Amino acid sequence: MERARMGDSAAFDALVKRHQHALQRFASRMLGGDSSSAADIAVGAFLRLWERRDSVVLNESLLPWLVKTVHRLCLDRLRERPSVELTDVGVSESPFLDLERAALASAARAAVMELSVDLRAVVLLSVYEGLSYEEIAEALDIPAGTVASRKNAAMKQLRRRLAAWSE
Amino acid sequence: MEMDIEKSLRDAWPVETVDISGRVAAAIEPPPDLLSELRELRRELSELRRTTVLLQDEIVRLRLDLTRRPVSRIAPFAPSEGLVRLS
């Protein structure tokens with residue numbers, strides 16, 4: 001990051017290559033699978049970072065800062081279009097081969113999308129991206145304890161919603 | 001149980017991503033015509049600096065030339081008292 005701060009575009013390119021996929025995955029799932037908007041949002045986040053490279057204060061890793069920016073851009077997008085349609089992943093793209101498993105996958109995606117935006121963000125960052133509670137806390141500007149309680153609440157809701165499939 | 005649900009959730013939602021590094025690079029790098037314009041401006045600026053230096057040298061030379069000349073009356077019939085040398 002220090003080299004990028006000095007205006008080294010090659011160093012910045014390395015940062016983009018390192019974090020671009022995680023940011024797109026997070027944005028895409030926040031928006032119900034809209035991967036085209038997710039790519040636009042990720043580009044927007046990197047451009048913000050480039051513009052503010054002199055003033056960005058990082059605690060440890062760059063990822064929470066980028067996730068925070070992507071999260072804000074996703075919330076803006078969701079405010080513009082409050083009803084998000086879940087984009088179907090498709091059976092052929094799914095690792096599940098049989099119809100029952102494809103149905104479970106569809107139910108699981110729908111269940112995640114039914115979570116409130118706050119709970120969804122925590123689940124996506126924790127379960128899907130494997131971020132630590134501290135990283136999520138930094139990215140979402142909430143205490144780590146709140147991350148834990150939101151994740152508990154979300155998992156309870158998801159377990160209830162998918163209970164029929166676990167038998 | 002939670003681990004199973006977490007695994008199910010992950011397996012249920014694969015996301016395809018694309019390489020956006022080219023888009024980002026294109027947005028932060030100024031376009032080539034802008035670069036050549038910048039180079040031209042820089043060249044003009046250094047020309048101007050050189051001209052300024054030449055003019056300053058000329059001013060210094062003229063000042064020196066003036067101070068070396070003897071004091072002379074600058075108006076007919078006016079007294080020369082009170083006139084000062086340029087330095």
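These are some notes on the predicted two-chain model above, chain by chain and then across the interface.

1. Ground rules. Residues are numbered from 1 along each chain as its sequence is written, and chains are lettered from A, with ligands numbered from 1, in the order in which they are written. As this is a predicted model, local features need pLDDT of at least 70 and side-chain atom pairs count only at pLDDT 80 or more, while totals for chains, interfaces and linings use all residues; side-chain values use heavy atoms, with hydrogens and water left out.

2. Chain A at a glance. You're looking at eight helices and zero strands, where helices are DSSP runs of H or I with at least four residues, strands are E runs of at least two, and numbering starts at the N terminus. Of its 167 residues, 48% count as buried, meaning under 20% relative accessible area; exposed means over 50%, and partly exposed is in between (1.4 Å probe, protein chains only). The accessible surface of chain A is about 8,300 Å², and carbon and sulfur atoms own 48% of that (Shrake-Rupley method, 1.4 Å probe; for residues, only the protein chains shown count as cover).

3. Contacts along chain A. Take the contacts (heavy atoms within 4.5 Å) in chain A with a separation of 6 or more: 68% of them are between residues 24 or more positions apart. Beyond residues up to four places away in sequence, H71(A) touches F26(A), M30(A), A121(A) and L140(A).

4. Salt bridges within chain A. The count over all chains is 13 salt bridges, each a side-chain nitrogen of Lys or Arg within 4 Å of a carboxyl oxygen of Asp or Glu. One of them pairs D141(A) with K68(A), the closest N and O atoms being 3.4 Å apart. D141(A) is in the loop between helix 7 (133-140) and helix 8 (144-161) of chain A and K68(A) is in helix 4 (residues 63-80), so this bridge ties together parts that are 73 residues apart in sequence. D141(A) itself is exposed, with a relative accessible area of 51%.

5. Another bridge in chain A. The side chains of E114(A) and R161(A) also meet in a salt bridge, at 2.8 Å from N to O. That pair links distant parts of the chain, with E114(A) in helix 5 (residues 99-114) and R161(A) in helix 8, 47 residues apart. Both ends are partly exposed: E114(A) has a relative accessible area of 49%, and R161(A) comes in at 35%.

6. The bridge to chain B. K151(A) pairs with E6(B) in a salt bridge, the closest N and O atoms being 2.9 Å apart. K151(A) lies in helix 8 of chain A and E6(B) in helix 1 of chain B, so the pair joins two chains. K151(A) is buried, with a relative accessible area of 8%, and E6(B) is buried with 8% relative accessibility. Back in chain A, salt bridges that share partners join R25(A), R29(A) and E129(A) into one network.

7. Interface totals. Here 22 residues of chain B are in contact with 39 residues of chain A. The area buried between the chains is about 2,900 Å², with 70% from carbon and sulfur atoms; buried area is the accessible area (1.4 Å probe) that two parts lose on being put together, summed over both. L9(B), W13(B) and I28(B) supply 27% of the area that chain B buries against chain A, more than any other three residues.

8. Polar side of the interface. The count between chain B and chain A is two salt bridges. There are also 10 residue pairs in polar contact across the interface (both at pLDDT 80 or more). A polar contact is a pair of N or O atoms within 3.5 Å; within protein, one must be able to donate a hydrogen and the other to accept it, and residues adjacent in sequence count only if both atoms are side-chain atoms.

9. What chain B brings. Helix 1 (2-12) and helix 2 (21-28) of chain B are the elements giving two or more residues to the side that touches chain A. Helix 1 of chain B has the largest share, seven residues. By type, that side of chain B divides into 12 nonpolar, two polar and eight charged residues. (Ala, Val, Leu, Ile, Met, Phe, Trp, Tyr, Cys and Pro count as nonpolar, Asp, Glu, Lys and Arg as charged, and the others, Gly among them, as polar.)

10. Q24(A), worth a look. Q24(A) is in helix 2 (residues 9-30) of chain A and is buried, with a relative accessible area of 2%. Its side chain reaches the backbone oxygen of V18(B) at 2.7 Å. Setting aside neighbours within four places in sequence, Q24(A) is in contact with A38(A), A39(A) and A42(A) in chain A, and with T17(B), V18(B) and I20(B) in chain B.
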